[in-house]
Amino acid sequence: MNHDPFQWGRPSNETYGAYNHHIANASVRETDHQSLDNFPKMNTQQPIITGTSVISVKFKDGVILAADNLGSYGSLLRFNNIERLIKVGQETVVGISGDISDLQQIERILDELETTEEVYDSDGGHNLRAPHVHEYLSRVLYNRRSKMNPLWNAIIVGGFNDDRTPFLKYIDLLGVTYGASTLATGFGSHLAVPLLRQLIPNDVDYVNVSEEQARKVVEDCMRVLFYRDARASDKFSLVTIKRSAEEPDTSYTFNFEKELKVENQSWRFAKDIRGYGSQQQ
Amino acid sequence: MNATVASEYSSEIHSVPIEHRFNPYSDNGGTVLGIAGEDFAVLAGDTRQVEGYSIQSRYQPKVFNVGDDIVMTANGFAADGAALIDRFKNQLQWYKFDHGGKKLNIKSAARYIQHLLYGKRFFPYYVSTLIAGLDEEGKGAVYSYDPVGSYEREQCRAGGAAASLIMPFLDNQVNFKNQYEPGSDGKKKRELRYLTLDEVLELVRDAFSSATERHIQVGDGLEILIVTKEGVRTEYFDLKRD
Amino acid sequence: MFRNNYDNDSVTYSPTGRLFQVEYALEAIKQGSAAVGLSSKNHVVLVALKRNAEELGSYQKKIIKVDTHMGIALAGLAPDARVLSNYLRKQAMSSRMIFNRPLSTSKAVLSIADKAQENTQSYGSRPYGVGLLVSGYDETGAHLYEFQPSGSVLEYYGAAIGARSQAARTYLERNLDTIRESDTVESLIVHGLNALRDTLSQDVELTFKNTSVSVVGKDIDFTIYDDEDVQQWLDKLDSVSNARNREEDDGADEEVAEETAATDEAVTSTTGTGAASTDAASGNDAPAPSTDDRMETDE
């Protein structure tokens, strides 16, 4: 028996002719250049390895972002050590969900950006901050979508505005952008945003929220996401960027916490769930 | 080779990939509205941005003062709208460099936007565009566009998600369509007149609070940009958030 | 006319390690009329002397706006400056477009320096024949840079380029401390014009037609004063002609003496450090030229 998956269940070539491999369309099989040229250019049509939600919230003196460390291959838990929060410049964090290879491409683009920034700012003082990173990424993603070759991601940028107020904005693979005091990508926009908005009903209300309050709700969100999002894990990273109370104009702390665990898990609710698996009633 | 039996597989045409296209557009909801008065013009939009049934943001302004006392909005697919407005602002700055800081009049702005839109005729900006300002005589002007640049000057125009709800209301209240003089037995049409700014603001607020009731993509806040000979000013009103 | 065998192109060194074509380009700057720049902590002022090719012709533009926070003054080949300013405008605009932030002055000036340097190292190209003073106000404060066709850029508190600019530099050096401590735009402009007038040739004086002034700084967008708008600044000077001329005509005419009263303290306290006494009047011409005749030149 021929064990090539393409041959499974196939009648013999002598009778029916050769199998047309283009039907499966996994990739270009031929290696000679002529056939590669004849084959149409292929762009990303779907993400392969994916990261799930990024969630984020503003508070009085800064922002918190969180994302778990899982890279899924469909329903397979393929990687459990993917870092999806990226520090850019001194005081900005970028949280990325969606395709992991595109995430790594964006990571390289941002790296290059930082290098160029240093070359032309040898005297210092011109800092790459969150609004600048956000604008730049929105151009990158919009231009890629306009070439019909998107970077398959949804991104949240957190940091400070030029006037040192907290900054939080979103970009996705279409180039759509928006800002709010509570933001989440993917499943998080359904499961986490309602919880976050309970803390901050109006966008301006973040000024009444302390870091502790914000952090507690973010941890709650990560737990709820782990319960209900089948592509989420209970291992996550969390970044807190906070300006100091004494010198808000110049001083801030950037706290990157890795390998956090979703705490206080309780699966008692699971036994009451009906309608899934073997318990149909 | 000997004769082969025809099968579905072997009759597949070679080298034609299965098409599965990425959709470069989405609909971010929201609605906008422009009304021209005798010596003013307003351009209003709600501040909600949606994707499907999710509210992405409750305050994401989409009406902008683009300079030279011209206000502009491009409602529909948010990324295209933002890109169009950014390109226009940029071109306006070049116009100023090239013409020694001369003010761009709204007629020229209107024609230029047509070219921006038609330039992407075969990959259009998925937006309904409105601009408002004052013309050379100081009269209020509103220009409206379809996604590929067809445009006209009008007294009023609604665009976006709730356009079909608001536009008939405007026909009746701004252009007095289907209004007749009392006692004329439907023979004599009510005479047209310019509305005052206060009347227009009342109309705009009614239009948006009604649209908020009936359209799920409209709500949260209403931002009105008002152009008079004194310049551009902004007013904000809350809308229902449900 | 060859100076030597090593100036046929800009890419060949002379045995002594010089690039003659580049040095000739620096000479081209000196052919142009003077431009002066000076900065205090929060503001940068550019002033420049405009020339007209003939009496019936218009004056060559000397100060060009790049963005709301940046502008340049030029000396040398004006068309080259236009190409460079156009490039700067594009850079400034794409910085706002792509990064949502104004272009920093240092990055702007380095970006044109890179362009200029390329010309010194590619066969068949000509170095830019223009020097620029780049003024800008950004998040690190007010900055003044001098750009040269060699591709070198340096930051200055006070700089002057163009014909007889050494005289202006001398003035700036002598008054550096008061210039740096200027807290008003007015005193900065007056110092700039004082420096500029020292570059004037014998029979020329500053008029609203041949003088350009610009300012940028904290809470002030880049603004150019030309033509009639310059008069307000010229009125604040004790004299609109060169110090050397005034010494020669000493005591000849007292017409402008009362104008010294209008100058602010900062200026009167510093004029003494210049080469000349303060109130000597200019030549025989009345200081304020007629405003109705646009064709009249400044002799």
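How do the residues of the lining of the largest cavity divide into nonpolar, polar and charged? This is a predicted model, in which local features need pLDDT of at least 70 and side-chain atom pairs count only at pLDDT 80 or more, while totals for chains, interfaces and linings use all residues. Residues are numbered from 1 along each chain as its sequence is written, chains are lettered from A in the order in which they are written, and side-chain values use heavy atoms, without hydrogens and water.

The lining divides into three nonpolar, three polar and three charged residues, where Ala, Val, Leu, Ile, Met, Phe, Trp, Tyr, Cys and Pro count as nonpolar, Asp, Glu, Lys and Arg as charged, and the others, Gly among them, as polar. Those residues are A180(A), T182(A), R197(A), I200(A), P201(A), D203(A), Q56(B), S57(B) and R58(B); a cavity is a set of points on a 1 Å grid over the protein atoms alone where a 1.4 Å probe fits but cannot get out, and lining residues have an atom within 4 Å of a point. The largest cavity holds about 50 Å³ of space, the volume being that filled by probe spheres set on the points.

In chain B, five strands (DSSP runs of E, at least two residues) form an open antiparallel sheet in the order β5-β6-β7-β8-β9, with pairing taken as at least two DSSP bridges.

Helix α1 (residues 78-98) of chain B lies across β5, β6 and β7 of chain B, at about 155° to β6(B), whereas helix α2 (residues 106-118) of chain B lies across β6, β7, β8 and β9 of chain B, at about 10° to β8(B). Helices are DSSP runs of H or I with at least four residues, contact means heavy atoms within 4.5 Å, and angles run from 0 to 180 degrees between N-to-C directions of axes fitted to C-alpha atoms, for helices over the stretch in contact.

Methods: On a 1 Å grid over the protein atoms alone, a cavity is a set of points where a 1.4 Å probe fits but cannot get out, and a pocket is an open set with protein on both sides within 12 Å along at least five of seven lines; lining residues have an atom within 4 Å of a point.
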